[in-house]
Amino acid sequence: MNRKTDLVVVGSGLAGMTAALIAAQSGKQVTILTHGVGSLAISSGTVDVLGYVDGKAVDDPFSAMGDLPEQHPYRLVGEGEVRAAVDWLRNLSRKGGLSMTAAEGNRRLVTVMGTLKPSWLTPDSFCAEAIEDVHRIAVITVEGMKDVHPGLIIDQLQRYPHLAKKEFFEAVLPNPIAHAHRNITPLDIARYVETPEGLQWLKDSLTPYAKLYPVLLMPPICGMDHSQQLWNQLCMALKVKIIEMVSIPPGVAGLRLREIMRKALNSAGVYVVENTQAVSAEVEEGTCRALTTVATGGENRWEADSFIIATGGLLSGGISTAPGKAWETIFGLPLDMPEQTEEWSSPAIFGKSLFASMGVKVNEDLKPVDKDGNVILNNVRFAGRTVGGYDFAAEKSGLGVALATGWHAGSLAGKE
Ligand SMILES: Cc1cc2nc3c(=O)[nH]c(=O)nc-3n(C[C@H](O)[C@H](O)[C@H](O)COP(=O)(O)OP(=O)(O)OC[C@H]3O[C@@H](n4cnc5c(N)ncnc54)[C@H](O)[C@@H]3O)c2cc1C
C-alpha cells in the first residue's frame, strides 16, 4: 500500500509527538509511524532540562547552556527555542488538566530512592519545597508495593544536611487490591484512586497521618487522567500538603503526560499508525522520497515532502551497534565511534562514556551532516535521543532535549 502526506514523523516518544503536534498546528498533514510507545511512558514525567554540566549541579539550566559543547542539541537549537518549547508544553498540559510549573531554578524532587533529583518543569504534585518548611513529615507506602520503602527513603534523605534533623515517620497503608496476587506498583494504585471507592480508600487511609503530619511524601498514586483534580481534592480535604515522589517504571506521571499528548494529537488530526516499524528509506540524490514500514499486515510505503526521525536511542531502536561500529537504523547512517569498543565506555563509573552520547550528527536545522558539516539528507530532520552530542543520564536532560528538538524540528517542518 502506498500513502502520501506532507510530513511523516517516526517515533511516538516525547520528541516525535511534539514534532508532529507542532507541525500539525501549522497546518501540515502529519502521519506518525511508531513501533512502540517510547520512554515517556516509563519516565517519571518531570521534564529535566539540565541538571548537571561536567558533573556539577546547575541552578539555572538556561544560563548554564552556554557552557555546553557546541555540538550539544541545546547549543544547536538555541536557548530561546528551548524556553519556547517548555512554555508550549506547560500550556498544553494545563489545557489537558495537568498543571506543571517551573521555579526560579531547578527544583529538587524527592525520589523513591530517597535522593533529591534536579528537574525543571514538574507537575504541581511533585513540587517538594514544602519539606523545607516543616519539621514533621510522614513517608508513605502501600503494603506490598514494589520498590517504595519508607525506611530506605528516610535513611537516604537524612544524609542531606538540611534534612538530617527533620522528624520522619514511616507509614504503610493497607493494600486495597490484595487480590492482585503479586507485588503492586504505584500505577495499580493510581488507577484505583480514579474510582470513587479508590479515592475514598485513600482519603480514609491518609486521615490519621494528616492529623499528625503537615506533609505527606507518597509514591505517585493520586490518580491518572484526573490526577491534578484528585490531588487538589485530597490536599484540601485533609488540610495537608501531599508530595508525590519520583518513582521508577512504570512511569505514572509519564503516562499522565503521554495521555494528554495523545489526546492533543487526536484533536489536531494527526494520523497515528502504531505497531509498525520503519525499516528502510528510498533516497534519491540526498532527498528522501519514501519510507517502508513492516507490520503484521505486511509492508507499506509512506511518501512525504519531509520526514522527522525521532526513534530514540539504543533501547528504543533508533540506534544499533555491533563490535566496533554503531549506526542509525532507518537510513543506516554510520555514527562516529572508535573502532575499539573498549574506548566507548569509561572505566570510571561516573566518567564520560562515549556510548552514552552517541547519535546522529546534525546541524542547526537538525538535518544530518557528515564529518565536514555537509547536509546528507535535505528533507530529513532528527529529534530526541537519536541525536548525538549529549548524555541525558549524566546531565539530567532527557525529556528536555526530546521536547526542544521535537519542537524545533516540527516548527521548521511546519514552515516549509
Ligand atoms: C527509565 C527511564 C526514566 C527516565 N526518566 C526521565 C525523567 O524523569 N525526566 C527526563 O527528563 N528524562 C527521563 N528519561 C529520559 C527520557 O525519557 C528520554 O531521554 C526521552 O524520553 C527520549 O525521548 P525520544 O522521543 O527521543 O525517544 P523515545 O521515547 O525512546 O521514543 C522513540 C520512539 O521511536 C519508536 N521507534 C524506534 N525505532 C522505530 C522504527 N524503526 N520504526 C517505528 N518506530 C520506531 C519507538 O518505539 C518509540 O516510540 C528517562 C529514561 C528512562 C529510560
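**Cavities, pockets and the ligand shell**

Two nonpolar, three polar and three charged residues line the second largest cavity. The model examined here is predicted. This cavity holds about 30 Å³ of space. Its lining consists of Leu98, Pro123, Asp124, Ser125, Ser227, Gln228, Glu244 and Arg256. Helix H9 spans residues 227-238, and both Ser227 and Gln228 belong to the lining. Glu244 also lines the cavity; strand E10 covers residues 241-244. Arg256 is another lining residue, and helix H10 runs over 252-267.

A search of the whole structure gave two cavities of 30 Å³ or more.

Most residues other than glycine have a negative phi, and most peptide bonds are trans. Pro249 and Pro250 are joined by a cis peptide bond, with omega of about 0°. Pro250 sits in the loop between strand E10 (241-244) and helix H10. Asp147 has a positive phi, near 65°, and is not a glycine. Asp147 lies in the loop that connects strand E7 (136-142) with helix H6 (150-157).

Helices H4 (79-95), H9 (227-238) and H10 (252-267) each give two or more residues to the lining. Helix H10 provides the largest share, six residues. The classes are evenly represented, with five nonpolar, five polar and five charged residues. Two domains meet at this lining: domain 1 (2-93 + 257-415) and domain 2 (112-246) each contribute at least three residues.

The ligand is surrounded by 34 residues. Gly36, Ser39, Ser44, Ser316 and Arg385 are the closest. The shell divides into 12 nonpolar, 19 polar and three charged residues. Helix H1 (14-25), strand E12 (277-284) and helix H12 (398-415) each supply at least two shell residues. Helix H12 gives the largest share, three residues.

A polar backbone atom of His35 is 3.0 Å from a nitrogen atom of the ligand. A polar backbone atom of Gly38 is 3.4 Å from a ligand oxygen atom. Asp48 uses its side chain: one of its polar side-chain atoms lies 3.1 Å from a ligand nitrogen atom. On its own, the ligand has 1000 Å² of accessible area, and the protein covers 90% of it.

How values were computed: Residues numbered from 1 in each chain as written. Predicted model: local features only at pLDDT ≥ 70, side-chain atom pairs only at ≥ 80, totals over all residues. Heavy atoms only, no water. Near = heavy atom within 4 Å. Polar contact = N/O pair within 3.5 Å; in protein donor to acceptor, adjacent residues only side chain to side chain. Areas by Shrake-Rupley, 256 points an atom, 1.4 Å probe, with all protein chains shown as cover. Helix = DSSP H or I, 4+ residues; strand = E, 2+ residues; numbered from the N terminus. Nonpolar A, V, L, I, M, F, W, Y, C, P; charged D, E, K, R; others polar. Domains from an automatic or database assignment. 1 Å grid on protein atoms, 1.4 Å probe; cavity = no way out; pocket = protein on both sides within 12 Å on 5 of 7 lines; lining within 4 Å. Points joined across faces, edges and corners; volume = space filled by probe spheres on them.
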